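Please look over the structure shown here, with attention to its aromatic rings and its strands. The report that follows treats these topics in turn.

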Amino acid sequence: MIVDDQYNIGHICTRQQCDNGLGDKVAFRWLPAGGEPCDVTFAELDRQSNRFANVLGALGFRRGEILFTFLPKCPEQFYAFLGTLKRQVVCGTLFSNFGDEALLDRLGDSQARGVVTKKSFLKKLGRIRSQLPHLKYILVTDIDSHQSDGILSYPQLMQEAAPGFATPVTAADTPSVLHYTSGSTGKPKGVLHVHGSVLMQNATAREVLQLGADDVYWCTADQGWVTGTSYGIIGPWSLGVTQVHYGGMYDAAKWFDILRDERVTVWYSAPTALRMLMREEDTLYAEYDLNCLRHIFSVGEPLNPEVIQWARAVLGRDIYDTWFQTETGAIMITNRPGLAIRPGSMGKPVTGIEPAILADDGTPVADGEQGNLCLRPGWPSMFVTYLNNDTAYRQKFIKGHYFTGDTAVRDPDGYYWFKGRSDDVINTGGHLISPFEVESALLELEEVAESGVIGAPDDLLFEKVVAFVHLHAGQVPDKNLEIKIRLHISNRVSSIATPQELFFIDKVPKNKSGKIMRRVLKARYLGQDEGDISTLED
Ligand code: AMP
C-alpha cells in the first residue's frame, strides 16, 4: 500500500485512490438528517482536502501545529481532517456535545492554533476564547463571509483556495491525529498518533472488517472518537471503499432504511445502539430485506451474548465484537468471520498483536485467571505519547508491556474475555467519562461542598454516571437544585456525562489523605460489602 515511502494518510485516502483509477468512484454518500443525499467521489475528496491544505498554508499553519475539528458529522469534517493531514498539521477531533470546560481543557492543553466548527457552536468557543491565547483561527463552515480576523468563513476560504496540492512525502513517524481520552484522575490526556498508523488501520479494515472493492460500508461512530477516524475515515478510504455517512441521530427505522436502501454490506456500530435496536418490536425488522448485508461489527463496550442471540434470531446475522482503544489506534482483539464466536468474548488477537494477561507487577497470570490486559508494544498504530505528559505515557509500560487499563481473562483456547477497567473510568454508551472531570465541574457550583462520581451497571448503556453530592450547610437538596446540577454538568463537561442518578449525602467517603473513595460509594450503591475501610477518614 505504501508507494515511494509516502505514509501521508491524507494522500493515501484520496490522491492515491485516484492514481489507482478510482477517481470517479464514490468515496462517500452523504445522507443529511434532512435533505437530499449527495455522492462525493475520490477525485472530489482529493480536491476538497487539497483546498483545505491550501487554506491552512495561506493562514500560515506549520508542520506539527494543531488544528481541531469541532463538528457534527458532515462532509466538511472529512475535507478538513484529510487536508490538515496532507499539510502535516496534526488533526484533533472534538465531540460536538462537549461543554465549555471539556473544550477548554483540550484546546488549552494542546495549544491548538485553529478550530473548524459550525456557527451554532461559536457561542461555546466565545465563552472560553480569552483563555486560549494560542487559538488564532476559528473557521466556520456555515457563514458566508469572514466575521473578524479570527473568525473566518470556511466556504469563502475554500473558494479562494486552489484545488491542487502536492502533499509532501511524509515519514511514518510524523504526528497525525490527536484524540483526548479521559482518565480517572487528572485532566484528559492527548493521545498522539502518527501517519504510519495507516498500515494497521488498513490491514485490520481488510482482515477483520473484510472490506473489499465492492463494499458499501457504514460506520456509525462520530469522528470525535477514535473509531470514527480509524474506521470512519482512514481504514476504509485507504482501501478505496465506498462509505455511507449519515448526519442524523439514532432512529431504528431510519437506520434500517439506510441499511436496505443504500445496500450496505458491512456495518460497524456499538453495543448501546445495538441494544436500543433490540428493544424495538421484532416486527419492525420483518419488512426489511437485508440481503446485501454481509457482516455486522461492534466496538466500544462489552457486547452481551443476548445481543448476539437477538441478531442471529431477528437479523439472521452474527455480530462480531472488536476490542481496541484510543491508544491502540486500531483493532487489537476481535471476533471475525471465520473464527467461531464465543458469545461474551472479545475474540482473539489480530495478526501481529501479542496480548498478555499480567499481574500489577508485570508477571504473567495463568489462563482462566483475571489480570491486566496488556499488549507487547510495536504495532504501527500505537500512540507515541500523551501530549505534554510523557510521564503518564511512561507509566503505562511495565516490564516491556503496555498496560491498557482493562482487566480480562484468557481462556485455554486463546479467547479473551473483558472483565472491566482497572481504574474508575466510566464507560457509558461507549464513551469514556472521567469521574474526576464530573467531580471538578460539580465543585464549581456554590451549593456543592464535596462530591463523588461512579459508574454503575446499566442494562442499556453498560454503565451510567451516578453522582453523590454533599451540600454546604444551609443548602436545600430539592428538585430545582438537581436540575441546576444536571444542566451545569451538561454545559461544562458534556451531555453524555450528565448524571443519570444523583444522590445528596451527608458525607463523601475519603481516605486519610483526602482521596475520594469511589470504591466505597460504588459498594454502597450496589448494596455490597464495602471491603477494607481502615484507611477511611474519620
Ligand atoms: P476509547 O479509548 O474511548 O475508545 O475506549 C476504550 C475502552 O473502551 C477500552 O479500554 C475498554 O475499556 C472499552 N472497550 C472498547 N471496546 C470494547 C469491547 N469490545 N469490549 C469491552 N470493552 C471495550
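## Charges over rings

A charge is said to sit over a ring if NZ of Lys or CZ of Arg is within 6 Å of the ring centre and within 35 degrees of the ring normal. By this criterion the charged end of lysine 189 sits over the ring of tyrosine 386, 5.2 Å from its centre, and that of arginine 113 sits over the ring of phenylalanine 61, 4.9 Å from the ring centre.

The model is predicted, with local features requiring pLDDT of at least 70 and side-chain atom pairs pLDDT 80 or more, while totals for chains, interfaces and linings use all residues. Residues are numbered from 1 along each chain as its sequence is written, and side-chain values use heavy atoms, leaving out hydrogens and water.

## Aromatic pairs

Across the whole structure, 30 aromatic pairs are found (rings of Phe, Tyr and Trp, the last by its six-membered ring, with centres within 6.5 Å; planes under 30 degrees apart are stacked, over 60 edge-to-face, the rest tilted). One of them is the tilted pair of phenylalanine 61 and tyrosine 137, at 6.2 Å centre to centre and 40 degrees between the planes. Phenylalanine 61 is buried at 5% relative accessible area, and tyrosine 137 is buried at 13% (buried means under 20%, exposed over 50%, partly exposed in between, with a 1.4 Å probe and protein chains only).

## The open sheet

An open sheet of mixed pairing is formed by 9 strands in the order β2-β1-β11-β10-β12-β13-β14-β15-β16 (strands are DSSP runs of E, at least two residues, numbered from the N terminus; two strands pair if DSSP finds at least two bridges between them). Strands β2 (38–41) and β16 (348–349) stand at the edges, each with a single partner strand, so one side of each lacks a neighbour in the sheet.

Methods. Helices (H or I, at least four residues) and strands (E, at least two) are DSSP runs, numbered from the N terminus.
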